[in-house]
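Please look through the report below, which takes up a few local features of one protein in turn.

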Amino acid sequence: MTEAAFRSIGLVVGALVLLTFLVLWIRNVRDSRAELGSEIELAPNKKPYLSDAELEGPKLDRSLSFALVVLGLCSLSLPFYWLAEPGRQDGAIENWDATHHRRGENLYTNGAQCVNCHAAGGVGGVASYVFQDADGQFIANAQWKAPALNNVLLRYSEAEVEYILNFGRPGSPMAAWGTPGGGPLTTQQVDSDLMTYIRDFQVQSLDPIDIQSAGDEADPNDAESIAAQAEADEIEAAIRAEVERSLAAGEFETEGEAVFNMGLYSGYAAGAYSCARCHTAGWSLGADVMEQVGVDVLGEGVAGCAGGNPSGIGFSICDGAVFNHFPDDTWLMPDGSWPGEEMRGIGPNGEAGVLALDNTLILLDDKGIPVDATGEAYIITGDGDLADCGFVSALWADDNGNVYPYDPATRLVVDDSANGFVEVPEFTAPADAAGVIEFADGRIGTGCEVIEMPPRTSQAMYEFVYNGAEAGRGYGRGGQSGQGMMPGFGSTLPPDYIQAAVDYVRGL
Ligand code: HEC
Ligand code: HEC
């Protein structure tokens, strides 16, 4: 019940009691008549008590009046208690919050010294880390970025953050702090104190629904919503400025790459917005450390895409991502809808399927790869059609007709004498009359039959990145099912940046 409702109920009940009291009193006064005298004699040996006239008259009236006053006080005190109750409740909540905020702040800055790594106000910082090889031999001193926590509740649920605080990130400088993970802090210190403090320094979400509900939901123009919008605009502008800065500085080649690796060189928000800090091996250790080790930091497996954070929370999402990890977004139905439940479990081993444009059913294996009746995988052309070829070259040719060997394990490079080694440009050509196809990876197939497929989109992956992993439910083939450790970015990144990161990953 709202405070106002509480107050008005209290007021109405109070007024009713007062009114009843007045009505009864007035009626009582009007009904009373003058008492007749008493004729009873007093016994001579007794202390004279009040006369009947007095007992039934003024004495009775006095007692009854007293009872009435007490009754009135009792009935009035109830509504008055109601009047004070909302204030008392608010006070209790405020007091609870203030107490836990104070204790949480104390833990953050003194007791547990989160501040040393995550900085004051949770804006993000760095942690010293000794990078060792598998045998414990020193490789380098690194500064492991400790992500900004002032938006951590926009990316994770409270339960997920409590999980991180309890169990830490094994293999990273983030220790297990809670008793369940063997740490020094009690459950109350983690769940109530630290969580209250962390909650209190969260920045504004970029999600329009959150902005709207900052104030009166019925009124999009109330002061709180306008303030929330202004704060969101400011945060978004800063993120865009960082991405544009990094592109202008030549740190990255595409917007998607810049979003994926955001903060690699600048330390922006200590990686709170980047994907690479979990999905690559080199991001958290930093470009300079990777240079010491002699690794190209933007090469695949470091901060390009692939690898997986040394703390083990993420993993390669690029290697074969399109085929292996996102079965749900492989192809739309010919009518443009998503394949529904009815397309699942239709193969002999429960495989899912999709429909080609001519309505032939194409089975997908358990990794989402389209297979023919003999279980042989189709080859996918650059525009998402399926090809069944008699022969596919182990060589590929560049635009000038030079032919190179094809090694599926490494990305193809061209020996370009002007620019050194550069990556293969993506190119495809439709099957010609002779059934010859150049695939997106540069291989050439002959004797190919092409099955025209509906368009492929990245919608499912976009939604996954927007919402994050659901605790207890893995996603895709690499799904860790359970800890919900893939954050959702819907409240912290503008939609076009999420799409850019998704496109970038799918392009690798
Ligand atoms: C020694 C430095 C250090 C200290 C002290 C520390 N952290 Fe961390 N924390 C890190 C690092 C580094 C990471 C990122 C780990 C990774 O790359 O997965 C991290 C990750 C986190 C995360 C997950 C954030 C995300 O977006 O993935 C949370 C939440 C967190 N820390 C909260 C805390 C709190 C609260 C405290 C104090 C009780 C604390 N940390 C103390 C270094 C530290
Ligand atoms: C804090 C670490 C972390 C960050 C940051 C992170 N991820 Fe993830 N990601 C994970 C984890 C853990 C999983 C596995 C989730 C599961 O299935 O439970 C995952 C899974 C994924 C998957 C599904 C992979 C598969 O094999 O099915 C995709 C796609 C993905 N992440 C993309 C991204 C993108 C894009 C970003 C940046 C916008 C990002 N991630 C940022 C930890 C992270």
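Strand E3 (residues 353–355) runs antiparallel to E4, and three bridges join them; two strands are taken to pair if DSSP finds at least two bridges between them. Helices (H or I, at least four residues) and strands (E, at least two) are DSSP runs, numbered from the N terminus. Within this pairing Gly 353 stands opposite Leu 363 in E4, and in the hairpin of E3 and E4, where five residues lie between the strands, Asn 359 has a positive phi near 70 degrees. E4 is also joined by two bridges to strand E5 (residues 370–371), again in an antiparallel manner, with Pro 370 in E5 as the bridge partner of Leu 364.

## Basis of the model

This is a predicted model, in which local features need pLDDT of at least 70 and side-chain atom pairs count only at pLDDT 80 or more, while totals for chains, interfaces and linings use all residues. Residues are numbered from 1 along each chain as its sequence is written, chains are lettered from A and ligands numbered from 1 in the order in which they are written, and side-chain values use heavy atoms, with hydrogens and water left out.

## The iron site

The iron atom of ligand 1 has His 118 (NE2) and Met 174 (SD) as its protein donors, lying 2.0 to 2.2 Å from it; donors are N, O and S atoms within 2.8 Å of the metal (3.2 Å for Na, K and Ca), and water is not among the atoms, so sites may look incomplete. This pair links distant parts of the chain, 56 residues apart, with His 118 in helix H3 (residues 115–118) and Met 174 in the loop between helix H5 (158–167) and helix H6 (187–200). His 118 counts as buried because its relative accessibility is 10%.

## The disulfide

One disulfide is found in a search of the whole structure, the term standing for a pair of cysteine sulfur atoms within 2.5 Å. This disulfide joins Cys 389 to Cys 448, with an S to S distance of 2.1 Å, and the link is right-handed, with 105 degrees about the S-S bond. Cys 389 is buried at a relative accessible area of 19%, and Cys 448 is buried at 9% relative accessibility.

Methods: Buried means under 20% relative accessible area, exposed over 50%, partly exposed in between (1.4 Å probe, protein chains only).
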